[in-house]
Each structure stands twice: as C-alpha cells, then as structure tokens.
Amino acid sequence: MKIIISELPLSPWWWQGVPAYDDNPAMQAGTIPNQSLVVSERNMLITILKGLDVDIFESPFPKKLDDKYLQHDFIYIRDQFISDQNGNAVILQFRNPKRKVEQQYIVPILETLELSIIYLPEKPGLFAEGGEFYFCKQDNILFSGLSRNTRSGAEAVAASLNVEELILLESKVFHLDAYFSPVLGQNGCICAIICCLSELENHSKIELYNFANTRNIPILDIPIEDGIGTTGQPGSFAANALPLPGTLVCPSAFSSPHIDSKLQALGIEHVIVPLSQYALSGGAVHCCTNEL
C-alpha cells in the first residue's frame, strides 16, 4: 500500500493560534502547537508506517499556500481527494469555504504521481470532504458521513469510485473519522467496525447494524471521549484511525480494554502513534494520511 503524507509548512503551523470552526468543537482556539513536537510526532508516524511495510510519499507543502494562508490545513491531506487505490483520484468539494483553495494545489501533486484526476460535478449543495469517508477497497464499500458531506456529494463520490455499496451515516459531528473506523482483517476485508454509536442519528444506527448483521461483523461501541469528545472536554481521537490489513493505527489507546481484547481476538495489531499536537485542531492519523 502507498500512502501520501504532506510535509509541514515552512512557517510554524498555527503559529497565530488554532482557529475555531463552528462545527468542530475539538479545535482548541488560540492554542499554538509545540512545533518541535509536531515534527517529532509526524516523523514517528512515518517511521511506524514504514515499519508496517507501507510505502510513504511525502508531498511537498504548497509554497503559495504557505505564503498567503496562515491556516495550513493542507497537512490534513485526507480531505482534498479520495483515491480508488487503482490509479484514479477524485478531487473533493469542501463545504468549509476556508479550505476550498486547497483543491487547486493537490491536483499537480497527484498528477506527478501519474494518477488520473476525476472532478465532481459543479452543482449547488454538492459537498464532499475526505474525513467524511472510509473506502474499503477489498469489499468495495464506501462509508460516508452526512455532516459536512451532502447526500449528493457522497453519491457522486460513490459513482466516481464505482463502489458496490454506499453506507450513509448521519451525525452532527463534522467528520466521520472523528467517531468511526472500520477494522480490516489480514485479507483486507472488513472484520469489525468501531463507532461511537451515541453520535449517530437513530436511523443511521439501524442502517449500520443492518449492514453489520448481514455480514456478521461486530460493532465495537466506544464512548464519546474516544472520539471528538465534548465542547468542554476534547476527546482522544482514538477513533481517528488508519485501518490497514491486520493492523489498526490509532493516535491514542481506547479507554476500555474491552476494545483491545476484541481486536486481539480478531488478530488485529493495535498500533498507537501519539499525535497530540494534531488533535489540538481536531485531526489525527486518518486526517494526515491518504491511500494512493
């Protein structure tokens, strides 16, 4: 598997303080990340992924973004595109207007990797952000949140990827990966689902259980503190994981040892890579990695 990770900007990341987005209570407004810790945490993530035989491509941080924009969300490279992991990349449509500029800078990077570029239709109300998706290639299934994504955006992405099944999960949480992750067995197929079920609307809970029951897949329910947390108490983002065949890479341990016991029983290696500084602005392992 090949994964892209952005280099850091030349100027300090969030050096004027983390901003606050209305729909992301995890962002710790005004906090300035420890820049040396940002570097060491990123380096550790890359080292661990390479140790798992993942091929890492370190994408250059766009100089024009560094010169003109101070928010530096580009390092959350998950959000700009989604790949079918077979040579095609779909450029996504941000709902968050402050991030729309990033779309134009990811395209030349992907083209240097010889990926074919697919653009979503330019339609009013069509939004799709990468943190709202988990694409499980082996099963050819796409999970999509319905917070920053719209139904039309999720359906357009599903059509572009030619997936067999689209599972739509509605929540008030800004991105799906802030409370949800599939778990992949050694064969790359979904063997479990980790989810903070309390974050889902009731109809989405029913849909998720129907999907899991038909495939005999366990759902491992986690508390809110293992995801985004609350406005007054940010969570650990343990759910913001990168699922690899036989391995789940997380930024934090789950609060209940029951989850680790279940993962161990399924033959899943649970690898923890702390990303404390990324969490200050509501991101973690899934956000800053993207499959190619």
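# Close-up views of a predicted protein model

**View 1. The whole protein at a glance.** The protein exposes about 12,000 Å², and carbon and sulfur atoms supply 50% of that area. Accessible areas here come from the Shrake-Rupley method with a 1.4 Å probe, and for residues only the protein chains shown count as cover. What you're looking at is a predicted model, where local features need pLDDT of at least 70 and side-chain atom pairs count only at pLDDT 80 or more, while totals for chains, interfaces and linings use all residues. Residues are numbered from 1 along each chain as its sequence is written, and side-chain values use heavy atoms, with hydrogens and water left out.

Along its principal axes, the C-alpha trace spans about 50 × 40 × 35 Å. There are seven helices and 15 strands in the protein; helices (H or I, at least four residues) and strands (E, at least two) are DSSP runs, numbered from the N terminus. The radius of gyration is 18 Å, close to the 19 Å that the globule rule gives for 292 residues, so the protein is as compact as a globular protein of that length. (That radius is taken over C-alpha atoms, and the rule is 2.2 Å times the number of residues to the power 0.38.) Buried residues make up 58% of the 292 residues. Buried means under 20% relative accessible area, exposed means over 50%, and partly exposed is in between (1.4 Å probe, protein chains only). Now take the contacts (heavy atoms within 4.5 Å) between residues at least 6 apart in sequence: 67% of them join residues at least 24 apart.

View 2. Two strands count as paired if DSSP finds at least two bridges between them. β7 (residues 141–145) and β8 run parallel and are joined by five bridges; to spot one, find Leu142 and its bridge partner in β8, Leu166.

**View 3. From β7 to β8 by way of α4.** Follow the chain from β7 through α4 to β8 and you trace a right-handed β-α-β crossover. Right-handed means that, with the strands pointing away from the viewer, the path from the first strand over the helix to the second runs clockwise. On the way, Thr150 is found in the loop between β7 and α4 (151–161). Is Thr150 buried or exposed? With a relative accessible area of 14%, Thr150 is buried. Leaving aside neighbours within four places in sequence, Thr150 is in contact with Arg95, Gly125, Leu126 and Phe127. The buried residues of α4 are Gly153, Ala154, Ala156, Val157, Ala158 and Leu161, and what covers them includes β3, β4, β6, β7 and β8.

View 4. Gly87 is found in the loop between β3 (81–83) and β4 (88–91). Gly87 is partly exposed, with a relative accessible area of 29%. What does Gly87 touch, not counting residues up to four places away in sequence? Glu114, Leu115 and Ser116. Glu114 follows α3 and has a positive phi, near 65 degrees. In α3 itself (residues 102–112), the buried residues include Tyr105, Ile106 and Val107.

Glu122 sits in the loop between β5 (116–119) and β6. At 70% relative accessibility, Glu122 counts as exposed. Glu122 and Gln93 are 29 residues apart along the chain, and their C-alpha atoms are separated by 8.8 Å.

**View 5. Strand β1 and its partners.** β1 (residues 2–6) is mostly covered, with four of its five residues buried. Five bridges join β1 to β2 (residues 55–59), and these two strands run parallel. In general, strands of a sheet pair through backbone hydrogen bonds, either parallel or antiparallel.
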